[in-house]
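Take a look at the chain from one end to the other. Then turn to its charged side chains.

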Amino acid sequence: MASPSGASSGSSMFHSSGSSEDLQAAMDEKKRKRMISNRESARRSRLRKQKHLDDLMAQANQLRKENSRVLSVLNLTTRHCAAAQAENSVLRAQTMELSNRLQSLNEMLDIFNGNSISSSSSSFFMGDGFHAIDNSISPWIQSYTTQPIMAAAEHMFHH
């Protein structure tokens, strides 16, 4: 089995070392392929991550636009609400003024129709008591009853 010249043992060592080199080369090839595969996987992962980041940025921009639009609608609605509240206040004031006027006119009509003091004078109630009026000043009373309503938005809110 072993020759005295050692050729067989050298050949077996050479074969052994060749096998070891082949094994090493195979392992190096596997390692190289694994590195290439890992690099490609990392590249795909980076691309997925970048795409996800780009999608999130686009979504954030879209949400900013939507937020701005909603804020504009809210501001417009708030202005309309404030205008409606101001108009309601004016209308309430006008309603109170008209109600007071109507009550005063009804009281004056009751007095004129039922309580004539004389043919040339009448009396009416002004809040502080009955007052006699000479019919010669009745045009002033008529002009008082046709005065315009004074309540208006610009007079309602003085801040």
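**Layout and salt bridges**

From the N terminus, the elements run α-β-β-α-α. That makes three helices and two strands. The model is predicted.

Start with the chain as a whole. Buried residues make up 9% of its 159 residues. The accessible surface comes to about 13,300 Å², and carbon and sulfur atoms hold 59% of that area. Now take the contacts with a separation of 6 or more. Of these, 40% join residues 24 or more positions apart.

Next, the charged pairs. The structure holds five salt bridges. One of them links the side chains of Glu40 and Arg44, at 4.0 Å from N to O. Both residues sit in helix H1, which spans residues 7-114. They are four residues apart, so about one helical turn separates them. Glu40 is partly exposed, with a relative accessible area of 30%. Arg44 is partly exposed as well, at 40%. The pair belongs to a network of salt bridges that links Glu40, Arg43 and Arg44.

Move along to Lys51 and Asp55. Their closest N and O atoms are 3.1 Å apart in a salt bridge. Both lie in helix H1, four residues apart, about one turn of the helix. Lys51 is exposed, at 52% relative accessible area. Asp55 counts as partly exposed, at 41%.

Glu66 and Arg69 form another salt bridge, with 2.8 Å between the closest N and O atoms. Here the spacing in helix H1 is three residues, so the two are separated by about one helical turn. Glu66 is partly exposed at 34% relative accessibility. Arg69 is partly exposed at 46%.

Methods
Residues numbered from 1 in each chain as written. Predicted model: local features only at pLDDT ≥ 70, side-chain atom pairs only at ≥ 80, totals over all residues. Heavy atoms only, no water. Buried < 20%, exposed > 50% of the residue type's maximum accessible area, 1.4 Å probe, protein only. Contact = heavy atoms within 4.5 Å. Areas by Shrake-Rupley, 256 points an atom, 1.4 Å probe, with all protein chains shown as cover.
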